[in-house]
Structure formats: structure tokens, C-alpha cells
Amino acid sequence: MEFIKAFIVGGLICVVAQILMDTTKLTPARILVIFVTLGTILGAFGIYDKIVDFGGAGATIPLPGFGNTLAKSAIKAVDESGLLGAFTGGITGAAGGITAAIFFGYIMALIFNLLNTRSVRVPASSTSLWS
């Protein structure tokens with residue numbers, strides 16, 4: 001049942017993004033910012049935690065989950081360090097995810113660059129078998 005709930009919550013988040021792309025002039029980058037900001041706001045008020053309790057990974061993996069992580073980490077750091085925690089808490093809490101995204105993105109870039117340089121290129125004039 002957990003998988004079904006995660007699929008439903010994650011799918012609904014993706015459906016909302018797709019509807020925004022199809023019906024508005026918002027670019028994917030702006031939708032990304034809206035989702036992270038929305039996750040931060042909902043996380044700051046404790047609303048997103050209820051969504052995470054229901055949807056599990058379907059709520060924590062998409063972009064609003066990243067915003068929620070930023071909010072929770074910043075609030076925790078403010079409680080521990082005062083005002084300085086508002087500036088350092090979000091980055092500290094999300095550092096693992098950010099590091100993984102950079103690391104695996106770099107590995108994928110290396111792999112695909114290697115595959116691209118080793119692939120055989122067919123000249124445009126010889127693409128047809130019958131010419």
C-alpha cells in the first residue's frame with residue numbers, strides 16, 4: 001500500500017507541473033522555483049509533514065520535498081544557533097542531496113561524453129541503404 005500512496009502523491013505533483021506547463025506560459029525553471037518555494041512554505045507551517053506521512057517517498061523525492069527539507073533544517077538551525085541558523089540550516093540539511101546530485105550528474109556526464117566520443121558517426125550522405 002505504501003507504494004501506491006507514494007505513486008499517487010508523486011504522480012499528482014507531476015500532474016500539477018504538467019498542467020502548469022501546458023496551460024500557462026510558465027517555463028519549467030519557474031515551475032521548479034514555485035514547487036521548491038511551495039514546499040518550503042508548507043514545510044514551515046507543518047503542512048507538508050502530513051503529506052509526507054501519507055505519501056512517503058512520493059512526497060519527499062519531488063521538488064516540494066526539497067523545499068520542505070530546507071525549511072525544516074533552517075527552523076532547526078534557528079532553534080540551535082539563532083538568526084545565523086536561518087542562513088546556514090537549509091544548506092546543512094540539504095547538503096547530502098545536493099552533493100549526490102552534483103556527484104552523480106558528473107558521473108553521468110563522464111559516461112555519456114565517453115560514449116559520445118566513441119560512437120561511430122555515419123555521414124549524412126550515406127544514411128540510406130538504397131543509395
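Helices are DSSP runs of H or I with at least four residues, numbered from the N terminus. The model is predicted, so local features need pLDDT of at least 70 and side-chain atom pairs count only at pLDDT 80 or more, while totals for chains, interfaces and linings use all residues. Residues are numbered from 1 along each chain as its sequence is written, and side-chain values use heavy atoms, without hydrogens and water.

Ile31, Phe35, Val36, Gly39, Leu42 and Gly43 of H2 are buried (under 20% relative accessible area, with a 1.4 Å probe and protein chains only). Seen down the axis of H2, these buried residues fall within an arc of 135 degrees, so they line one face of the helix; the arc is taken from the directions from the helix axis to the C-beta atoms. They pack against helices H1 (2-23), H3 (47-55) and H5 (63-81), with contact meaning heavy atoms within 4.5 Å. On the other side of H2, Ala29 and Arg30 are exposed (over 50%). Just after H2, Gly46 takes a positive phi of about 80 degrees.

Ten nonpolar residues, with no polar and no charged ones, make up the lining of the largest pocket (nonpolar being Ala, Val, Leu, Ile, Met, Phe, Trp, Tyr, Cys and Pro). Phe35 and Leu42 are among the lining residues. H1 gives the most to this lining, with four residues.

Definitions and conventions
Helices (H or I, at least four residues) and strands (E, at least two) are DSSP runs, numbered from the N terminus. On a 1 Å grid over the protein atoms alone, a cavity is a set of points where a 1.4 Å probe fits but cannot get out, and a pocket is an open set with protein on both sides within 12 Å along at least five of seven lines; lining residues have an atom within 4 Å of a point.
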